[in-house]
Amino acid sequence: MNQTPRAPAPLTELGGRSILFVMAAEPEYGPHLRERFTPFMTGVGPVEAAVELTAALAGLEPRGRLPDLVVSLGSAGSRALEQTEVYQATSVAYRDMDATPLGFATGVTPFLDLPATLPLPLRIPGIREATLSTGADIVSGAAYDAIKADMVDMESYAGLRACTRFAVPLVVLRGISDGKAELNHIDDWTEYLHVIDEKLAGAVDRLEAAIREGLLTR
């Protein structure tokens, strides 16, 4: 099957730097974020995120247009964190990986020589911090018992692996959309996305200020 080639991923100048904003799904891209940037949409889940972001960066590299920074934005679930608040991820783990029958620790990808949890060292002043777990499943209710991280999503680990391949740093910003109650319908996820949209836009403004002032630190 022939597919029409995608246009190069859109880059945004922010604080004098080239930024690639990455999101998974249109419902998370509300009016406040639309005023600030055009994102590269990967689709939902670790496979789509890995394939699409890798392809996007590979398309930018030969043009000499790799971004200075990739920023992944969207929603996340958490049973412990405050709903609708925005957090920057300090680390990310891949909860789908389980090669323990072969003697590898839970979360460790065999023969990759990486720990189960990978750090995200960049920090934006004034934004709350939390650890993150990525996987292909929607986490709800008792499923949180098996997860050590503060919040869960479906794309960030894949995004980090793609960024690492091209030596581009990554910042992950997530608004907590659900987790306090069982998820039974898509509306349980989308109910507060309009609030998260506004707060993520504020986080983008903080990021721009941090870049301009040289305060985006490790």
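Guide: The buried residues of α5 are Leu 193, Ile 196, Asp 197, Leu 200, Ala 201, Ala 203, Val 204, Leu 207, Ala 210 and Ile 211. The model is a predicted one, and in it helix α5 runs over residues 193-212, 20 residues in total, with 28 Å between its first C-alpha and its last. That reach is close to the 28 Å expected at 1.5 Å a residue. Just after α5 comes Gly 214, whose phi is positive, at about 70°.

Two or more lining residues come from each of β2 (17-23), α2 (46-60), β4 (69-77), α3 (156-165) and β9 (170-178), with β4 giving the largest share, three residues. Sorted by class, the lining of the largest cavity comprises eight nonpolar, four polar and two charged residues.

The open spaces come next. The largest pocket has a volume of about 380 Å³, and among the 18 residues that line it, Ala 93, Arg 95, Ser 133, Ala 146 and Lys 148 lie nearest its centre. The elements that give two or more residues to the lining of this largest pocket are β5 (86-94) and β7 (128-134), and by class the lining has nine nonpolar, six polar and three charged residues.

The second largest pocket has a volume of about 320 Å³ and is lined by 20 residues, of which Ser 75, Ile 138, Met 154, Asp 178 and Trp 189 lie nearest the centre. At least two residues of the lining of the second largest pocket are supplied by each of β4, β8 (151-153) and β9, and β4 gives the most, with three residues. The lining of the second largest pocket divides into eleven nonpolar, three polar and six charged residues.

A search of the whole structure finds four aromatic pairs. In one of them, the rings of Tyr 94 and Tyr 157 have centres 5.0 Å apart and planes at 20°, so the pair is stacked. Tyr 94 belongs to strand β5 and Tyr 157 to helix α3, so this pair ties together parts that are 63 residues apart in sequence. Tyr 94, with a relative accessibility of 23%, counts as partly exposed, whereas Tyr 157, at 6%, counts as buried. Elsewhere, Phe 21, Tyr 29 and Phe 37 form one aromatic cluster, and the charged end of Arg 165 sits over the ring of Phe 166, at 5.2 Å from the ring centre.

Technical notes. Residues are numbered from 1 along each chain as its sequence is written. This is a predicted model: local features need pLDDT of at least 70, side-chain atom pairs count only at pLDDT 80 or more; totals for chains, interfaces and linings use all residues. Side-chain values use heavy atoms; hydrogens and water are left out. Helices (H or I, at least four residues) and strands (E, at least two) are DSSP runs, numbered from the N terminus. The expected span of a helix is 1.5 Å times one less than its number of residues. Buried means under 20% relative accessible area, exposed over 50%, partly exposed in between (1.4 Å probe, protein chains only). Ala, Val, Leu, Ile, Met, Phe, Trp, Tyr, Cys and Pro count as nonpolar, Asp, Glu, Lys and Arg as charged, and the others, Gly among them, as polar. On a 1 Å grid over the protein atoms alone, a cavity is a set of points where a 1.4 Å probe fits but cannot get out, and a pocket is an open set with protein on both sides within 12 Å along at least five of seven lines; lining residues have an atom within 4 Å of a point. Grid points are joined across faces, edges and corners, and a volume is the space filled by probe spheres set on the points. Rings of Phe, Tyr and Trp (its six-membered ring) pair if their centres lie within 6.5 Å; planes under 30 degrees apart count as stacked, over 60 as edge-to-face and the rest as tilted. A charge sits over a ring if NZ of Lys or CZ of Arg is within 6 Å of the ring centre and within 35 degrees of the ring normal.
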